Amino acid sequence: MSSLSNVNIDWSSPNVLEQIVQNINGPLQKIMNANQDHTFNNPKNLEKIIFSSSKEISEIIEEIMMKSKAKSLSLTFQENPEIFEIYETNQNVREMCTGSINPQKMAKIDKDWLLDLEKEIHSSITQNDLNLYDLSFKMAVSERQLHRKISNLIFMTPNKYIRVLRLHKAKKMIDSYIDRSISQIAYKVGYNDVNYFSKIFIEQYDISPKEMINALR
């Protein structure tokens with residue numbers, strides 16, 4: 001029986017379809033090889049291989065569909081920006097802020113703006129140098145307005161905010177078993193320097209990515 005932890009898919013990646021194909025390709029290749037391999041002339045052996053591999057493909061597809069549906073529902077019901085939860089659960093992030101974030105006192109229009117901003121950041125999160133000018137253009141504000149609005153709403157600079165979101169995504173990837181390679185995780189959240197990535201990860205979570213991965217084994 002396959003398990004979702006073995007389905008290695010980064011759902012936020014632009015090549016998610018390619019990753020799905022890679023997961024299915026293994027058992028599919030077994031079926032093709034069995035049909036071509038003369039050592040499987042025994043119909044019972046061939047039938048066993050085909051049944052086992054087909055069942056594996058079916059289970060993978062079922063898990064992918066369940067994950068996709070759960071992801072869709074979580075996006076549908078997401079009402080608050082991700083930074084609210086990060087702020088509440090992480091003392092180090094709270095200390096980065098020059099003021100206290102209070103979601104209850106924030107207007108819905110500002111929450112919606114932050115949600116849109118987070119979507120734009122996540123869509124470009126693999127970029128090492130996420131350009132604030134491009135980000136402000138996508139948000140239909142000037143770069144100066146972007147700085148001021150982020151500072152007024154969550155009391156940190158845009159660069160710090162982006163860094164917090166990058167590292168939070170990296171932690172989620174580790175927690176979800178999406179990737180166990182530190183260099184790949186760093187790359188997927190926009191860091192080419194693994195040592196620097198590990199350093200700032202420790203600053204935010206008081207534990208290194210390697211230690212966090214080992215603790216989940």
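Student: Where is the place of phenylalanine 155?

Tutor: Good place to start! In this predicted model, phenylalanine 155 sits in the loop between helix H7 (143-154) and helix H8 (158-175).

Student: What is the phi of phenylalanine 155 near?

Tutor: First, the general idea: most residues other than glycine have a negative phi. Here, phenylalanine 155 has a phi near 60 degrees, a positive value in a residue other than glycine. Aspartate 206 also has a positive phi, near 60 degrees. That residue is in the loop between H10 and helix H11 (209-215).

Student: Is aspartate 206 buried or exposed? And how does phenylalanine 155 count?

Tutor: Exposed means over 50% relative accessible area, and buried means under 20%. Aspartate 206 has 61%, so it is exposed. Phenylalanine 155 has a relative accessibility of 25%, so it counts as partly exposed.

Student: Now the inside. Which residues touch the most other members of the largest nonpolar core?

Tutor: That core has 26 residues, and Leu114, Leu117, Ile154 and Tyr161 touch the most other members. At least two residues of this core come from each of H3, helix H4 (91-96), H5, helix H6 (132-138), H7 and H8. Another core, of 15 residues, lies apart from it, with Ile182, Tyr191, Phe197 and Phe201 among its residues.

Student: What does isoleucine 154 touch, not counting residues up to four places away in sequence?

Tutor: Isoleucine 154 touches Ile83, Cys97, Ile101, Leu114 and Tyr161.

Student: At what angle do helix H3 and helix H5 pack?

Tutor: An angle from 65 to 115 degrees counts as roughly perpendicular. Helix H3 (residues 82-89) and helix H5 (residues 108-123) pack at about 90 degrees, their axes 9 Å apart. H3 and H5 are therefore roughly perpendicular to each other.

Student: Which residues meet there?

Tutor: From H3 there are Glu82, Ile83 and Phe84, and these meet Lys111, Leu114, Glu118 and His122 in H5. The residues of this contact divide into 3 nonpolar, 1 polar and 3 charged.

Student: Last one: where is confidence lowest, and where is it highest?

Tutor: Look at pLDDT, the predictor's confidence in each residue, from 0 to 100. The protein has a mean pLDDT of 83, and 80% of its residues reach 70 or more. Confidence is lowest in helix H2 (residues 43-76), with a mean of 67, and highest in helix H10 (residues 194-205), at 97.

Methods
Residues numbered from 1 in each chain as written. Predicted model: local features only at pLDDT ≥ 70, side-chain atom pairs only at ≥ 80, totals over all residues. Heavy atoms only, no water. Helix = DSSP H or I, 4+ residues; strand = E, 2+ residues; numbered from the N terminus. Axes fitted to C-alpha atoms, helices over the stretch in contact; angles between N-to-C directions. Parallel < 35°, antiparallel > 145°, perpendicular 65-115°, else oblique. Contact = heavy atoms within 4.5 Å. Nonpolar A, V, L, I, M, F, W, Y, C, P; charged D, E, K, R; others polar. Buried < 20%, exposed > 50% of the residue type's maximum accessible area, 1.4 Å probe, protein only. Core = buried A, V, L, I, M, F, W, Y, C linked by side-chain atoms within 4.5 Å.
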